[in-house]
Amino acid sequence: MTKSIHDFQDEFGRITTWPSDRRRAHQLAILDYLKNLFESGAGYSREQATQLLNDHTTLEDPALLLRELIEGDYLASDGDVFWRADGRPAAGRGS
């Protein structure tokens, strides 16, 4: 069942609150939303990934979101470049 993330967004669609662990279904819905901000097949530096998350959230801890996205297999990383887990960037297309 897909959970709504509306209760966690402001009027501009930015995520304003990270749900508690007991609301894991809502966390997963937010992670799915955030994953879709990243273009499949594109590589992002840590700075670019952080800025993208900052543009779409008001949370003060983008590292938490990056960690959750990676641990949940929404994003992958080689340490320097981040990409959607469903599409590794082609050589030369990274940040």
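At what angle do the axes of α2 and α3 cross, and within what distance do they come? Before I answer, a word on the basis: this is a predicted model, in which local features need pLDDT of at least 70 and side-chain atom pairs count only at pLDDT 80 or more, while totals for chains, interfaces and linings use all residues. Residues are numbered from 1 along each chain as its sequence is written, and side-chain values use heavy atoms, with hydrogens and water left out.

Now the answer: the axes of α2 and α3 cross at roughly 105° and come within 10 Å, which means that α2 is roughly perpendicular to α3. Axes here are lines fitted to C-alpha atoms, for helices over the stretch in contact, with angles running from 0 to 180 degrees between N-to-C directions; angles under 35 degrees count as roughly parallel, over 145 as roughly antiparallel, 65 to 115 as roughly perpendicular, and the rest as oblique. The helices themselves (H or I, at least four residues) and the strands (E, at least two) are DSSP runs, numbered from the N terminus.

On the α2 side, R46, A49, T50, L53 and N54 meet P62, L65, L66 and L69 of α3, where contact means heavy atoms within 4.5 Å. By class, this contact of α2 with α3 has six nonpolar, two polar and one charged residues, with Ala, Val, Leu, Ile, Met, Phe, Trp, Tyr, Cys and Pro counted as nonpolar, Asp, Glu, Lys and Arg as charged, and the others, Gly among them, as polar.

Staying with α2, which spans residues 46-56, we find A49, L52 and L53 buried, and buried means under 20% relative accessible area, as against exposed at over 50% and partly exposed in between, with a 1.4 Å probe and protein chains only. Seen down the axis of α2, its buried residues fall within an arc of 95°, so they line one face of the helix; the arc is that of the directions from the helix axis to the C-beta atoms. These buried residues of α2 pack against α1 (24-35), β1 (44-45), α3 (62-71) and β3 (81-84).

Turning to α3, its buried residues are P62, L64, L65, L66, E68 and L69, and they pack against α1, α2, β2 (75-77) and β3. With α1, the packing angle is about 95° and the axes are 10 Å apart, so α1 is roughly perpendicular to α3. R24, L31, L34 and K35 of α1 make that contact with L65, E68 and L69 of α3, and the residues involved in the contact of α1 with α3 divide into four nonpolar, no polar and three charged.

Just after α3, D73 takes a positive phi of about 65°, and this is a residue other than glycine. D73 sits in the loop between α3 and β2, where it is exposed, with a relative accessible area of 60%.

Leaving aside neighbours within four places in sequence, Q27 is in contact with W18, P19, S20 and D21.

F8 lies in the segment before α1 and is buried, with a relative accessible area of 5%. Q27 and F8 are 19 residues apart in sequence, and their C-alpha atoms are 9.8 Å apart in space. Beyond its neighbours within four places in sequence, F8 is in contact with residues including R14, T17, P19, H26 and I30.

T17, also found in the segment before α1, is partly exposed, with a relative accessible area of 37%. Not counting residues up to four places away in sequence, T17 touches F8, I30 and L59.
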